[in-house]
Amino acid sequence: MRCCMIRFSRDRILGAVCALALGASLACTDDKPSSVSPPPTITWIQVWSDEFDGPAGARVDNAKWSYDSADGCSGGICGWGNDEKEYYTDSSENIALNGQGQLMIVARRAPAGLTCYYGPCRYTSAKITTRGKVLAAPGRIEARIKLPVGQGLWPAFWMLGHDNPIVPWPECGELDIMENKGSQPTTTSSALHGPGYSGATPFVHEHTLARGTVSDDFHTFAVEWDSLHVQFFVDDTAHYRVTNVGIQQYGRSVLNQSFFLILNLAVGGKFDGDPQSDAIFPATMLVDYVRVYRAEVK
């Protein structure tokens, strides 16, 4: 079990202390205390991970992940609700360990004879989820990922509320830790969706790298949340924070719950449009690890 101790800014500490004060009569304000006392320390205790260790060509651990497949029509959401053009498979051509401690998710041109909702399938790719296997309680989740680039690619690391699909989207809640438009190789975005703030959500923020691109090297994408706020990070730099007060201006907050994790590489659709050139394929999303932590405040 890995344990990380990090001292945070006063605002982040305040958020964690307020979260622990739920149900109590503690008032959380920015007023300085009348007496000087050492700030609390947040220790992140790792409670789950996948380091993707294993031989080249191996499948993902089925105790941790399951595969979504096809074009979404079997679930009544053809194109996965976004007019996407990929057909998801569990083939090693689309998803496998690389033997170097990383997971490869590969989007390719589809073979002949595969049919999608729009006709002959144009692309294949992969999507995995911890639904029904692993839930992450409020805390911190991070993944180290190297992204492909090219207009029409849509790699994502995200979460849905624990009771989906029994509770449909957007009521179940969604946290998008990282999404990338393949046409924007220096920028990723994070977002929050829920009842009253979904689709073109008001809670979305783009982050531009200080240097380089998302395909030059691995970057760490993370989220920290509790019932009072959610905060998104790129390479341990906080770039976006949403509070419960702000959420409730639009609808019910979805923060006070557990989520399951999703990794996928979509192709085409509403986010970045359909590819204008197939020269970008095959396109590979490399995932070094996924880790889940709980907060311990002292």
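**Figure 1. Overall make-up of the predicted model.** Of the 298 residues of the protein, 53% count as buried, where buried means under 20% relative accessible area, exposed over 50% and partly exposed in between, for a 1.4 Å probe and protein chains only. The model is predicted, with local features requiring pLDDT of at least 70 and side-chain atom pairs pLDDT 80 or more, whereas totals for chains, interfaces and linings use all residues. Residues are numbered from 1 along each chain as its sequence is written, and side-chain values use heavy atoms, without hydrogens and water. The secondary structure comprises two helices and 20 strands; these are DSSP runs numbered from the N terminus, helices being H or I of at least four residues and strands E of at least two. The protein exposes about 13,600 Å², of which carbon and sulfur atoms supply 51%; accessible areas follow the Shrake-Rupley method with a 1.4 Å probe, and for residues only the protein chains shown count as cover. Among contacts between residues at least 6 apart in sequence, 72% join residues at least 24 apart, a contact being heavy atoms within 4.5 Å.

Figure 2. Seven strands form an open antiparallel sheet in the order 3-10-19-12-13-14-15; two strands pair if DSSP finds at least two bridges between them. Strand 3 (66-68) and strand 15 (204-208) are at the edges with a single partner strand each, so one side of each has no neighbour in the sheet. From one strand to the next, the twist averages 20 degrees, with axes fitted as lines to C-alpha atoms and angles running from 0 to 180 degrees between N-to-C directions. Within the sheet, nine bridges link strand 12 (residues 153-161) to strand 19 (residues 259-267) in the antiparallel sense. Ala 156 faces Asn 264 of strand 19.

Figure 3. The largest pocket holds about 1,200 Å³ of space. On a 1 Å grid over the protein atoms alone, a pocket is an open set of points with protein on both sides within 12 Å along at least five of seven lines, and lining residues have an atom within 4 Å of a point. The volume is the space filled by probe spheres set on the points. Of the 43 lining residues, Trp 80, Asn 82, Trp 158, Trp 169 and Glu 174 are the closest to the centre of the pocket. Elements giving two or more residues to the lining include strand 10 (127-129), strand 13 (174-179) and strand 19. Strand 14 contributes the largest share, five residues.

Figure 4. Seven of the seven residues of strand 16 (residues 219-225) are buried, so the strand is largely enclosed by the rest of the structure. In a regular strand the side chains alternate between the two faces of the sheet. His 219, Phe 221, Val 223 and Trp 225 point one way from strand 16, and Thr 220, Ala 222 and Glu 224 the other way. Strand 11 (residues 140-146) runs antiparallel to strand 16 and is joined to it by six bridges, with Ile 145 opposite His 219. Strand 17 (residues 229-234) also pairs with strand 16 in the antiparallel sense, over five bridges; Phe 233 is the bridge partner of Ala 222. A hairpin of three residues joins strand 16 to strand 17.

**Figure 5. The surroundings of Ile 247.** Ile 247 lies in helix 2 (residues 244-247) and counts as buried at 0% relative accessibility. Beyond neighbours within four places in sequence, Ile 247 is in contact with residues including Leu 192, Tyr 197, Phe 203 and Leu 255. Pro 195 is 52 residues from Ile 247 in sequence and 9.8 Å away in space, C-alpha to C-alpha.

Definitions and conventions: On a 1 Å grid over the protein atoms alone, a cavity is a set of points where a 1.4 Å probe fits but cannot get out, and a pocket is an open set with protein on both sides within 12 Å along at least five of seven lines; lining residues have an atom within 4 Å of a point.
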